[in-house]
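This briefing is for a reader who is new to the structure. Please look over the sequence and the model first, then read the points below by topic.

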Amino acid sequence: MSQQTVNGDAFENLLHEERRFPPTPEFAAAANVHEDIYATAAEDRVGFWAEQARKYLTWSKDFDQALDWSEAPFAKWFVGGEVNAAYNALDRHVEAGLGDRVAIYFEGEPGDTETITYADLTERVKKAANAFESLGVRKGDRVAVYLPMIPEAVVTMLACARIGAVHSVVFGGFSADALRSRIDDAEAKLVVTADGTYRRGKPSSLKPAVDDALAEPGHTVEHVVVVRRNGQDVAWTQGRDLHWHEVMEAASAEHTAVGHDSEHPLYILYTSGTTGKPKGILHTTGGYLTQCAFTHSAVFDLKPETDVYWCTADIGWVTGHSYVVYGPLVNGATQVMYEGTPDSPHQGRWWELVEKYKVSVLYTAPTAIRTMMKWGRDIPDKYDLSSIRVLGSVGEPINPEAWMWYREVIGGGKAPIVDTWWQTETGAIMVAPLPGVTATKPGSAQVPLPGIAVDVVDENGKPVPNGHGGFLVVREPWPSMLRTIWGDPERFKDTYWSRFEGVYFAGDGAKKDDDGDIWLLGRVDDVMNVSGHRLSTTEIESALVSHEWVAEAAVVGAVDETTGQAVVAFVILRGEVEIPEGDDPSAVLRAHVGKEIGPIAKPKHILVVPELPKTRSGKIMRRLLKDVAEGRDPGDATTLADPSVMQQIAADLRK
Ligand code: 6R9
């Protein structure tokens, strides 16, 4: 049976989650949006988005048509409108007298800090816009960005947007080869990078990878602008390489933003497909900004005057694009930006920052939460986290256990948690509770946002009834949807629009519970088939993590002669647990999964490991674990945050 089939019986073992956390009356009363927003959006979906576009953005030319879907699946939103992303993120706040408001509290890993107001940031972006133009970058040209989490990353992205150049941010953790293939695919004219950064207290370099990437001729890059960050020695190619500080010093601080067409490309961001070369996801301007700003305000209940917001995502990830750069700045938020790792110089670094800046809205990933759980609650308990009033989660399903820990330990038992489902392709949040409206439920992303038509369908594209699982789809176009795959419109149609007629196929398994709330079950290729029973990796991982010994778990289906596939689990135990003498963790955990889900779900093997292989965006690389589970040498591990993890696991298994 194909791995890509999920049917109504797929998830017989649905989680039964009875806990509910309604908003307090005070929170609900003061919230940015209320219950009636769902009905308003349902009445006139496209009109609703047109209203948000005019509410959240300043258009230099108003649009005539909200949506043109006549060439579906190629959408055009806010047709005829003109808008400048950088003007919306910067100048207009300064013009409104908010120039002194802090835009970014930057905290470097070594402890250096910078407080950047909206006026400062606007000036820096104007200079960078002039500087890039002086290097020959024109509207429509592509600029590759290979930078750490430093303010120059934000400045670069907004400077590109200002002049209509298309940025393509590449993770600082990616190899020279990965960088080169992305530079080539987008035909980038300029690369902006840094000498390096700091990771876990040590300098970590970036510029050498750019040099390697550009060593072979045949590329389109004319200049490389290099930010001096960690001061390490770097090789220099005369004529090609330029120092950021020199270029910026020479540039004028006067730059007038002009509106770009609503459908003008804003950026390309590469994301890995199931096979083959990465897909260059293309986002355009008006629709993307509208949905980023709306969701940032509605889902996080952001109050720009009083909140201090912190999204821990790297700008190399879509979350960094939509919820570090565009959403928050368009909304005039004050935010924290942190360069380094959460355990440098100590495991309380994040909580120290929350206390120091009085962070009130925190947005992070389940993998980080589970890591913090593993380190133990006594670490966050040392800090004053009472400023926190909303907590967000993104990137993976959040297990109910991690959700509860997040709520209790970080949110003081009162901050609502918003579990936000979306993708690089969707551009902005699609499914999430609204913190002043929805009674939240641990582990579920729950409800499509107003104006978003998400559904769960069976193999034939028919909506599943409550209590059943299937595929997550989007039925109607949405403003921040990807417009195409860069240079490959056929692949765009094949990948997303061919599985079911006329609807967007997200590639995620999902179920509707008895209340109709949506639970995400991982990628459809993460569904296992054990003796004809369909099991989701997420469900078994959730069951494992619900055991008090377990901090994190990853489950894969490994080929098995008798059962088709067998469940193999990799677990990290919590630092603080003491396992009673004579207890075998594997046996105890197998029994626990049997009790939580049913005997069929019991992993055949449970391997206790020190770490799990993860990408820098925090997603577990199950492909590599599958290789190990099936006795193969795991292949390319260069996209891992820590490539040595696979060696550690392999060494452990040989013991
Ligand atoms: C924003 C982002 C997209 C994939 C997506 C899904 C998983 C993201 C999730 C979630 C369950 C959530 N995912 N958020 N799964 N619950 N709240 O992560 O984009 O890097 O493109 O990944 O991440 O599998 O399809 P991206």
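The structure is a predicted model. Two helix pairs are described first, α13 with α15 and α10 with α11.

**Helices α13 and α15**

- Two packed helices are described by the angle between their axes and the distance between the axes.
- Helix α13 covers residues 366-375 and helix α15 covers residues 400-410. Their axes lie 10 Å apart, and the packing angle is about 75°.
- Because angles from 65 to 115 degrees count as roughly perpendicular, α13 is placed roughly perpendicular to α15.
- On the α13 side, the contact is made by I369, R370, M372 and M373. On the α15 side, E401, A402, W405 and Y406 take part.
- Six residues of this contact are nonpolar and two are charged, with no polar ones.

- M372 belongs to helix α13. Is M372 buried or exposed? M372 has a relative accessibility of 3% and therefore counts as buried, since the cut-off for buried is under 20%.
- Apart from neighbours within four places in sequence, M372 is in contact with P342, W350, W351 and W405. W405 is also one of the α15 residues in the contact between the two helices.
- M372 and V221 are separated by 151 residues in sequence, and their C-alpha atoms are 41 Å apart in space.
- T371 is also placed in helix α13. At 17% relative accessibility, T371 counts as buried.
- Which backbone oxygen does the side chain of T371 reach? The side chain of T371 comes to 2.7 Å from the backbone oxygen of T367.
- Leaving out residues up to four places away in sequence, T371 touches E552 and K614.

**Helices α10 and α11**

- Helix α10 spans residues 286-300, and helix α11 spans residues 318-330. Their axes come within 8 Å and cross at roughly 85°.
- The two helices α10 and α11 are therefore roughly perpendicular to each other.
- From α10, the residues in the contact are Y288, L289, C292, A293, T295, H296 and F300. From α11, they are H321, S322, Y323, Y326, G327, P328 and V330.
- By class, nine residues of the contact of α10 with α11 are nonpolar and five are polar, while no charged residue takes part.

- K619 sits in the loop between β30 (605-608) and α19 (622-629).
- How accessible is K619? Its relative accessibility is 32%, so K619 counts as partly exposed.
- With residues up to four places away in sequence set aside, K619 touches W317, G395, E396, P613 and K614. K614 is also touched by T371.
- A polar atom of the K619 side chain lies 3.0 Å from the backbone oxygen of G395.
- In α19, the buried residues include R622, L624, L625, D627 and V628.

**Backbone features in loops**

- Most residues other than glycine have a negative phi, and most peptide bonds are trans.
- Where is P73 found? P73 is in the loop between β1 (65-71) and β2 (74-79), and the peptide bond from A72 to P73 is cis, with omega near 5°.
- S344 and P345 are joined by a cis peptide bond with omega of about 0°. P345 lies in the loop between β17 (334-338) and α12 (349-357).
- E187, a residue other than glycine, has a positive phi near 50°. E187 is in the loop between α7 (176-186) and β8 (190-194), and at 47% relative accessibility E187 counts as partly exposed.
- K358 is likewise not a glycine, and its phi is positive, near 55°. K358 lies in the loop between α12 and β18 (361-364).
- Is K358 buried or exposed? K358 is exposed because its relative accessible area is 58%, and exposed means over 50%.

Terms used:
Residues numbered from 1 in each chain as written. Predicted model: local features only at pLDDT ≥ 70, side-chain atom pairs only at ≥ 80, totals over all residues. Heavy atoms only, no water. Helix = DSSP H or I, 4+ residues; strand = E, 2+ residues; numbered from the N terminus. Buried < 20%, exposed > 50% of the residue type's maximum accessible area, 1.4 Å probe, protein only. Contact = heavy atoms within 4.5 Å. Polar contact = N/O pair within 3.5 Å; in protein donor to acceptor, adjacent residues only side chain to side chain. Axes fitted to C-alpha atoms, helices over the stretch in contact; angles between N-to-C directions. Parallel < 35°, antiparallel > 145°, perpendicular 65-115°, else oblique. Nonpolar A, V, L, I, M, F, W, Y, C, P; charged D, E, K, R; others polar.
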